[in-house]
Amino acid sequence: MKNFQGHRLPVLLFGYKRPKAIMEQFARLSSLESRTVNIYLDGPKTTQEENLTRQVRLETEKWANDSHHEVLLYINSGNLGLKEQFKKAFESFFQNHSLG
């Protein structure tokens, strides 16, 4: 991601139940210059999803602790669903960032 008028654009990333996919995104983000990365993780819908969402959360927490970025992590214990998760995340993101 390139700078926009001298600003390093903040990043908004969503995670749910795909540990491999989020790790691929972390690898891409790690190559960027330092910036704010906002990560929103939704909780499991069913008990069968608990293990996958836990893996995503643990990998995300580890990456956040090791990252050169400023990482803001938002974790839902329950499942908001796609529509509500996106609405909540975008509202929060753009309250804190004018660009993104």
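Serine 92 lies in helix α3, where helices (H or I, at least four residues) and strands (E, at least two) are DSSP runs, numbered from the N terminus. The structure is a predicted model, in which local features need pLDDT of at least 70 and side-chain atom pairs count only at pLDDT 80 or more, while totals for chains, interfaces and linings use all residues. Residues are numbered from 1 along each chain as its sequence is written, and side-chain values use heavy atoms, with hydrogens and water left out.

Q: Why is serine 92 called buried?
A: Buried means under 20% relative accessible area, exposed over 50%, and partly exposed in between (1.4 Å probe, protein chains only). Serine 92 has a relative accessible area of 17%, and therefore counts as buried.

Q: Which residues does serine 92 touch, not counting those up to four places away in sequence?
A: Contact means heavy atoms within 4.5 Å. On that count serine 92 touches Tyr40 and Tyr74.

Q: What puts the buried residues of α3 on the same side?
A: The buried residues are Gln85, Ala89, Ser92 and Phe93. They cover an arc of only 100° around the axis, so they share one side of α3; the arc is that of the directions from the helix axis to the C-beta atoms. The face turned away from this buried side carries the exposed residues Lys83 and Gln95.

Q: Why is phenylalanine 94 called partly exposed?
A: Phenylalanine 94, also in helix α3, has 43% relative accessibility, a value that places it in the partly exposed class.

Q: What makes the pair of lysine 17 and glutamate 49 a salt bridge?
A: A salt bridge is a side-chain nitrogen of Lys or Arg within 4 Å of a carboxyl oxygen of Asp or Glu. The N to O distance in this pair is 3.1 Å, and the two side chains meet in a salt bridge. The pair links distant parts of the chain, 32 residues apart: lysine 17 is in the loop between β1 and α1 (19–30), and glutamate 49 is in the loop between β2 and α2 (50–66).

Q: Is glutamate 49 buried or exposed?
A: Its relative accessibility is 11%, so glutamate 49 counts as buried. Lysine 17 has a relative accessible area of 31% and is therefore partly exposed.

Q: How do you know that arginine 57 forms a salt bridge with glutamate 61?
A: The closest N and O atoms of arginine 57 and glutamate 61 are 3.7 Å apart, and the pair forms a salt bridge. Both residues lie in helix α2, four residues apart, about one turn of the helix.
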